[in-house]
Amino acid sequence: MAEEREGDVLAAVRGQIPDDATIHNLAEVFKVFGDATRTKILSCLCVRALYVGEIAEVLGMSVSAVSHQLRILRGAKLVKGEKQGKEVLYSLDDDHVTQIMECGLTHINERD
């Protein structure tokens, strides 16, 4: 009887978890968050939309280094760029990115 219930429980759990492709995509997004430089850039963009040069100045980095990280963040659909004249204004792609950052910070602050 206990084995039957255990089988039902495990089947129910299997039915509730995302498929392998979705899990892979989720892991890839979290890998992007795993880099401190990219997380700093996301933190800046949580405050407001910024140009590459502004991000570089705030973080004390080169424009090329920031541009490289922004390409990765854009590829992961975490940030978006809006062409404004010769420059691109970067912002978070949507509110979900802000929520992920806020949840992570809340979790970190609760542990202290």
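Visitor: Where is the place of Ile-17?
Guide: In this predicted model, Ile-17 sits in the loop between helix H1 (2-16) and helix H2 (20-33).

Visitor: Does that leave Ile-17 buried or exposed?
Guide: Ile-17 counts as exposed, because its relative accessibility is 51% and the cut-off for exposed is over 50%.

Visitor: Which residues form a nonpolar patch on the surface with Ile-17?
Guide: The patch consists of Val-9, Leu-10, Val-13 and Ile-17. Together these residues have about 320 Å² of accessible area.

Visitor: Changing topic, how many disulfides are there?
Guide: The count is 0 disulfides. Cys-44 takes part in none, and the nearest cysteine sulfur, that of Cys-46, is 9.2 Å away.

Visitor: Why is that pair not a disulfide?
Guide: The sulfur atoms would have to lie within 2.5 Å, and the sulfur of Cys-46 is 9.2 Å from that of Cys-44.

Visitor: Is Cys-44 buried or exposed?
Guide: Cys-44 is buried, with a relative accessible area of 11%.

Visitor: And what does Cys-46 count as?
Guide: Cys-46 counts as partly exposed, at 32% relative accessibility.

Visitor: On to helix H6: how many residues has it?
Guide: Helix H6 covers residues 95-111 and has 17 residues. From first C-alpha to last, H6 reaches 25 Å, close to the 24 Å expected at 1.5 Å a residue.

Visitor: Which residue caps the N-terminal end of H6?
Guide: Asp-94 is the cap. A side-chain oxygen of Asp-94 lies 2.9 Å from the backbone nitrogen of His-96.

Key
Residues numbered from 1 in each chain as written. Predicted model: local features only at pLDDT ≥ 70, side-chain atom pairs only at ≥ 80, totals over all residues. Heavy atoms only, no water. Patch = residues over 30% accessible without salt bridge, like charges linked within 9 Å, V, L, I, M, F, W, Y side chains within 5 Å. Areas by Shrake-Rupley, 256 points an atom, 1.4 Å probe, with all protein chains shown as cover. Salt bridge = Lys/Arg side-chain N within 4 Å of Asp/Glu carboxyl O. Helix = DSSP H or I, 4+ residues; strand = E, 2+ residues; numbered from the N terminus. Buried < 20%, exposed > 50% of the residue type's maximum accessible area, 1.4 Å probe, protein only. Expected span 1.5 Å × (residues − 1). Polar contact = N/O pair within 3.5 Å; in protein donor to acceptor, adjacent residues only side chain to side chain.
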